[in-house]
Amino acid sequence: MLLLTIAIPTFNRAALLDRTLSAVTEGLYKLGVDSSCLEVIISSNASSDGTREVCSKYKQFYYFEQKVNIGYDKNVLFLCQKSHGKYILLLSDDDIFDSQGLVDLFYSIKKYPETDVFFCN
């Protein structure tokens with residue numbers, strides 16, 4: 001089992017999603033070899049704005065595409081079901097994400113493995 005899944009539901013926010021995925025990529029780079037302990041999964045909720053093309057730039061991430069809009073809640077549930085991580089970090093497609101936050105969260109999880117929930121600013 002992986003330690004962490006970063007799950008990102010999205011709907012028609014390709015430009016903002018690109019910014020978020022870039023920050024996640026930067027955080028993974030900072031983690032270095034430890035990044036093999038986590039995965040990034042994205043589920044497009046039937047987006048029609050170029051989301052697929054944005055996600056295709058990030059080959060190391062797993063991309064899923066809903067055929068029809070199943071709503072936010074079901075899209076999040078879908079991502080949770082696809083997750084392989086012990087922990088799930090749920091990011092919105094428009095989150096302004098600090099790459100160092102991923103590093104800090106990852107090492108906090110490793111330092112306190114008995115913790116069930118971590119809250120981040």
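A salt bridge, as the word is used here, is a side-chain nitrogen of Lys or Arg within 4 Å of a carboxyl oxygen of Asp or Glu. By that rule the count comes to 5 salt bridges. Before we walk through some of them, a word on the model: it is predicted, so local features need pLDDT of at least 70 and side-chain atom pairs count only at pLDDT 80 or more, while totals for chains, interfaces and linings use all residues. Residues are numbered from 1 along each chain as its sequence is written, and side-chain values use heavy atoms, with hydrogens and water left out.

Helices (H or I, at least four residues) and strands (E, at least two) are DSSP runs, numbered from the N terminus. Is S2 enclosed or open? 7 of the 7 residues of S2 are buried, so the strand is largely enclosed by the rest of the structure; buried means under 20% relative accessible area, exposed over 50%, and partly exposed in between (1.4 Å probe, protein chains only). In a regular strand the side chains alternate between the two faces of the sheet. Here, Leu 38, Val 40, Ile 42 and Ser 44 point one way, with Glu 39, Ile 41 and Ser 43 pointing the other.

Two strands pair if DSSP finds at least two bridges between them. S1 and S2 pair in the parallel sense over 7 bridges, and Pro 9 stands opposite Ser 43. S3 also runs parallel to S2, joined by 4 bridges, with Tyr 62 in S3 as the bridge partner of Ile 41.

Now look at helix H3 (residues 72-82), whose buried residues are Asn 75, Val 76, Phe 78 and Leu 79. Seen down the helix axis, these fall within an arc of 155 degrees (taken from the directions from the axis to the C-beta atoms), so they line one face of H3. Leaving out residues up to four places away in sequence, Asn 75 touches Pro 9, Thr 10, Ser 43, Ser 44, Asn 45, Gln 66 and Ile 70, where contact means heavy atoms within 4.5 Å.

Next, the loops. Most residues other than glycine have a negative phi. Asn 12, in the loop between S1 and helix H1, has a positive phi near 50 degrees. Ala 46, in the loop between S2 and helix H2, has a positive phi of about 60 degrees. Both are partly exposed, Asn 12 at 31% and Ala 46 at 25%.

Back to the salt bridges. Arg 13 meets Asp 94 at 3.2 Å, N to O, linking the S1–H1 loop to the loop between S4 and helix H4, 81 residues apart. Lys 57 and Asp 18 meet at 2.9 Å, N to O, and that pair joins the loop between H2 and S3 to helix H1, 39 residues apart. In the pair of Glu 65 and Arg 52, the closest N and O atoms are 2.3 Å apart. Glu 65 lies in S3 and Arg 52 in H2, so this pair ties together parts 13 residues apart in sequence. Finally, salt bridges that share partners join Arg 13, Asp 93 and Asp 94 into one network.
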